[in-house]
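Here's a quick walk through this model.

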Amino acid sequence: MRTSMLGVCWDVHSSHAHGAALGPGAIRQALWDEAGNRYSLSLVDALDTSMLVDRGDVALTGGEGDADLITAAAFDILDGGDQLLALGGDHAVTYPLIRAVASLYPGVRIVHIDAHPDLYHDFGADPLSHASPFARIMEQGLASQLIQIGIRADTPHLREQAQRFGVQSFSPDQIGRALAAVAALGDGPVYLSFDLDGLDPAFAPGVNHYEPGGLTVREALSVIHALPGRLVGADIVELVPGRDLQNATAKVAARLVKELVARMALRD
Ligand code: MN
Ligand code: MN
């Protein structure tokens, strides 16, 4: 199955600092860098147009309707039969994306890599806050299962929310158990939401919210390779190019794109 890549340059729902709207451009630049490698670790030519099509950026207006525009653009791709690979933007992009995914794949299961659970019921009186997408998704029943990996910025409220929604939550030192939970998902549609701050800042310094003690790139790749079922969609979010060092984080994101394209192509 072919992957359609969609940029979502949207960071107005970030809580403390902005800059993630520039993420898609930086990831594309790293992806098509002539000095880079086109292949996934399994030797799929991820940049071949039969594998990956770039659908450009969602045409946002800066207005209230932007969430609906994101949902509509994602729906178009999925409804056309391609798999969706969205580039954020901050993590607020995931709720409108999942609205599209769930309308075609009700009860989709989500694997979510992040330092933060992003389950706040109310953060700064903004229901679309990048700290809340998974609260919106779970309270509306858009996903039947949520596995969070890399979590290390919990609070009593967030722990309560995780219990309320039956979330399976794993800290970075529980990576072995996390991989087993991912493998146990079995057949059926799966979606991967990848916040780059789930990685240790040593590997991914180009993010706004540093939480040391995170996942290695290898551990994150092993999560991708452990995904069972049909990977119908994914997002890579929270890259802030203005905080990156030598494009290291953009390069990590480009590697994730190649592995996700290969994963979407090989098992459908
Ligand atoms: Mn997040
Ligand atoms: Mn995060």
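## Two helices, packed

In this predicted model, helix 2 (residues 66-79) packs against helix 3 (residues 94-104) at an angle of about 40 degrees, and their axes are 7 Å apart. Angles under 35 degrees would count as roughly parallel and 65 to 115 as roughly perpendicular, so helix 2 and helix 3 come out as oblique to each other. Their crossing is right-handed.

Who makes the contact? On the helix 2 side you'll find Ala67, Asp68, Ile70, Thr71, Ala74, Phe75, Leu78 and Asp79, and helix 3 brings Pro96, Leu97, Arg99, Ala100, Val101, Ser103 and Leu104. Sorted by class, that contact has 10 nonpolar, two polar and three charged residues.

## The manganese site

Now for the metals. What coordinates the manganese ion (ligand 1)? His91 does, through ND1, along with Asp114, Asp118 and Asp195, each through OD, at 2.1 to 2.2 Å. Along the chain, the donors of this manganese ion (ligand 1) follow the spacing H-x22-D-x3-D-x76-D.

## What the aspartates tie together

Take Asp118 and Asp195 as a pair. Asp118 lies in the loop between strand 4 (108-113) and helix 4 (133-139), while Asp195 is in strand 7 (residues 189-195), so the pair ties together parts that are 77 residues apart in sequence. Are these two buried or exposed? Both Asp118 and Asp195 are buried.

Note on methods:
Residues numbered from 1 in each chain as written. Chains lettered and ligands numbered in written order. Predicted model: local features only at pLDDT ≥ 70, side-chain atom pairs only at ≥ 80, totals over all residues. Heavy atoms only, no water. Axes fitted to C-alpha atoms, helices over the stretch in contact; angles between N-to-C directions. Helix = DSSP H or I, 4+ residues; strand = E, 2+ residues; numbered from the N terminus. Parallel < 35°, antiparallel > 145°, perpendicular 65-115°, else oblique. Left-handed = near helix turned anticlockwise from the far one by under 90°. Contact = heavy atoms within 4.5 Å. Nonpolar A, V, L, I, M, F, W, Y, C, P; charged D, E, K, R; others polar. Donors = N, O, S within 2.8 Å, 3.2 Å for Na, K, Ca; no water. Buried < 20%, exposed > 50% of the residue type's maximum accessible area, 1.4 Å probe, protein only.
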